[in-house]
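I opened my notebook to go through this structure piece by piece. Here is what I looked up, in the order I got to it.

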Amino acid sequence: MKFLIVDDSKAMRMIVQRTLRQAGHDDAEVVEATDGAEALEIVKTEQPDFILSDWNMPKMDGIDLLKALRAEGIDTGFGVVTSESTPQMQELAKDAGARFVISKPFTAYDLADALEGVA
Amino acid sequence: MIGVEGVSTAVDPPPPPPMPESVTIKQMLDTLLEPEIDVAMVAPRTRSSEWRGLISPLVKDNGLLAAALVADAAFAHRSAAAMLMEPASETVDPRIDEMVLDAAREVLNVISGALNSRNTPHVKIDGCYQIPGTLPPSVEALLSYPLVQREYQISIGDYGSGRLTVLNW
């Protein structure tokens, strides 16, 4: 299975990848993007099976990325991994089409739980 | 003569972001970082020209500055090292390189979640600046004259400890 990890922090991309493996996705192939704009291009060339994206990023944030993907008819599964923790913000993400929203910081259990059934 | 009672049209300003409790910061860092975390609130210091570290402004959705998080150099280095799972070191280089800046900024980003609540305007991190250094005027003003200043001494396992400061108008 191929995951696209989108976050403007290299350290956080490392953590998401590490936690993904701890969550049971040892064999996952991982590609990375540093913001939504870059991710939009990578999705077209790499065709990941699932996207794990931060929310607040320069150039294009996670929600705008999700909306852009859906507008182009790309229905790749999308999960938001974000420091945005309030119910209102989580609802915004789900209304845009996110399969789940995980608040930072998160554990391998949180990620495994969220990915169960969707990836 | 008939008096007309005036009706005030003044609007109460929105409440500022909540100041996080030590236990909240501990819980966040416990999950984010591998080492054992201890967080204790300590007496705030007066800002001095000798401060070294990072400041991350928190802005509301309208772009206005609401609060700021300040990591001293020790907390920036040690939390970054813990996040990157680098070997612990007692030395703290006052210079903050790109990797430390990236990791420490993300630590502050995670902590910023504690400054959002159901009853206060939404805030988010807007950049990360080195101190001393050139700061946006509003950030400089908040750093110099905060209305509320809360400080935490944070111990990160074998990495050592450092200070986190939360500033509010």
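**Entry 1: a unit in chain A.** I started with a right-handed β-α-β unit, made by S4(A), helix H4 of chain A and S5(A). This is a predicted model, so I am reading it as such. The helix covers residues 87–96, while strand S4 holds residues 77–82 and strand S5 holds residues 100–103 of chain A. Which residue stands opposite Val80(A)? I found Val101(A) there, in S5(A).

**Entry 2: chain B as a whole.** Next I turned to chain B and noted four helices and seven strands. Reading from the N terminus, I wrote the order down as α-β-β-β-α-α-β-β-α-β-β. The C-alpha trace spans about 80 × 30 × 30 Å along its principal axes. I also looked up burial: 47% of the 169 residues of chain B count as buried. For contacts in chain B with a separation of 6 or more, I noted that 69% come from residues 24 or more positions apart.

**Entry 3: surface and charge of chain B.** How many positive and negative side chains does chain B have? I have 12 positive and 21 negative in my notes, and the centres of the two sets lie 4 Å apart.

**Entry 4: helix H2 of chain B.** This helix covers residues 73–83 and is mostly covered, with eleven of its eleven residues buried. Among the buried residues I jotted down Phe75(B), His77(B), Arg78(B) and Met83(B). Several alanines are on that list too, including Ala73(B), Ala76(B) and Ala80(B). After H2(B) comes Met85(B), and I noted its positive phi, near 55°.

**Entry 5: Ser155(B).** I finished with one residue in strand S6 of chain B, which runs over residues 148–156. Is Ser155(B) buried or partly exposed? Its relative accessible area is 29%, so I put it down as partly exposed, since buried would need a value under 20% and exposed one over 50%. I then checked what Ser155(B) touches, leaving out residues up to four places away in sequence: Glu36(B), Ile37(B), Asp38(B), Gly160(B) and Ser161(B). For Asp38(B) I also looked up the C-alpha separation from Ser155(B), which is 5.0 Å, although the two are 117 residues apart along the chain.

Key
Residues are numbered from 1 along each chain as its sequence is written. Chains are lettered from A and ligands numbered from 1 in the order in which they are written. This is a predicted model: local features need pLDDT of at least 70, side-chain atom pairs count only at pLDDT 80 or more; totals for chains, interfaces and linings use all residues. Side-chain values use heavy atoms; hydrogens and water are left out. Two strands pair if DSSP finds at least two bridges between them. Helices (H or I, at least four residues) and strands (E, at least two) are DSSP runs, numbered from the N terminus. A crossover is right-handed if, with the strands pointing away from the viewer, the path from the first strand over the helix to the second runs clockwise. Buried means under 20% relative accessible area, exposed over 50%, partly exposed in between (1.4 Å probe, protein chains only). Contact means heavy atoms within 4.5 Å. Lys and Arg count as positive and Asp and Glu as negative; His and the chain ends are not counted. The place of a charge is taken as NZ of Lys, CZ of Arg, CG of Asp or CD of Glu.
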